[in-house]
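Reader: Hi! Could you walk me through some helix packing once the model is up?
Author: Happy to, here it comes.

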Amino acid sequence: MPLIYFLPPLATVLIWSGNMTINQLTVGAIAPSSIAFLRWLLALVVMTPFVLPAVLKHRDEIYRNWPKLALLGLLGMGLWQGLAYVAAETTTATNMGILAAMVPLLTVLLSALILREPPTLGGIFGGVLAFIGVTVLLGRGDPLSLLQLQVAFGDALMVVAATCYALYGVMLKRWAMKLPPWVMLYVQVCFAVLFLLPPYLMGPMTPVNSYNVWLILYAGIPASIITTFLWMRAVRQIGANQSSIFINLMPLFSALIAMAFLGERVAGFHFIGGLLILAGVTMAQTLTRPLISRIKRAPPSSDTIG
């Protein structure tokens, strides 16, 4: 496989990791409800001239599936990023990157529950390992502190946000629709804008200025539109499973970017928790043998027919 095929998923994860730092820079510069709404509004405006003709062409299919598209827009755009902006106020970009890397593992677990896919060896043991890593991270190196509910609010929100995005991926797989990828994205963004409008109007509505406009531009174009294009290209070239492995690089990229631009320091519990989560996610993606093999029923004998 040509090495150039690995550039799209690598660039996507790098931009996503950079967005974790952008989330931190928004604190005090723009309200979470404002940037969550404005980024998707910007993406919608930029996409409309190019995608709207195809949307009108597939309007009948969109009408039949609008409740599903609305839920996808809420999970994948509204809650995933909206909660991340709120989480940035009480946690670090490093923690956000590590917890966001749980998405592939959570996807495996939710697939077993919702899609009835048989659990795998990696899914079970990787899940336990990653859970231990999460307790180390959330407990700041002291998992027992979780018994006293000493968890940063932002870390808890990132766990919820990662679960929402994992559920988004599972439901996207379950609800197969006869729509082009860009049309599906566009309609989901439309619903996300509608869902994020009430929180934006309820405020505080931060005015756009010369500082926060760059944060909105990064979140609305590279982190929304460009990453979507690159990710779709990656899935087409190397497959969804191989593409998702690159998400494991988010903790490393997020920590390096946060150290360079935010001056964050990486503590020992970051390494321990991050490595445990990374090992668990990798185990879940590589050890794909079912834990319980399905029993194949033998075809009925001809003596029993009739």
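Reader: Which way does H5 pass H8, left-handed or right-handed?
Author: The crossing of H5 over H8 is right-handed, meaning that the near helix is turned clockwise from the far one by less than a right angle. This is a predicted model, where local features need pLDDT of at least 70, side-chain atom pairs count only at pLDDT 80 or more, and totals for chains, interfaces and linings use all residues. Residues are numbered from 1 along each chain as its sequence is written, and side-chain values use heavy atoms, leaving out hydrogens and water.

Reader: Which residues make the contact?
Author: H5 brings Asn95, Met96, Leu99 and Ala100, and H8 brings Asp155, Met158, Val159 and Ala162; contact means heavy atoms within 4.5 Å.

Reader: And at what angle do H5 and H8 pack?
Author: About 30°, with the axes of H5 (residues 93-100) and H8 (residues 153-174) 9 Å apart. H5 and H8 are therefore roughly parallel, a label for angles under 35 degrees.

Reader: Switching topic, which residues of H7 are buried?
Author: Among them are Gly122, Gly123, Gly126, Gly127 and Ala130, where buried means under 20% relative accessible area with a 1.4 Å probe, protein chains only.

Reader: Nice. What comes just after H7?
Author: Arg140, with a positive phi of about 55°.

Reader: Last one: is Thr12 buried or exposed?
Author: Thr12, which lies in helix H1 (residues 7-26), counts as buried because its relative accessibility is 0%. Not counting residues up to four places away in sequence, Thr12 touches Thr227, Leu230 and Trp231.

Notes
Axes are lines fitted to C-alpha atoms, for helices over the stretch in contact, and angles run from 0 to 180 degrees between N-to-C directions. Helices (H or I, at least four residues) and strands (E, at least two) are DSSP runs, numbered from the N terminus. Angles under 35 degrees count as roughly parallel, over 145 as roughly antiparallel, 65 to 115 as roughly perpendicular and the rest as oblique. Buried means under 20% relative accessible area, exposed over 50%, partly exposed in between (1.4 Å probe, protein chains only).
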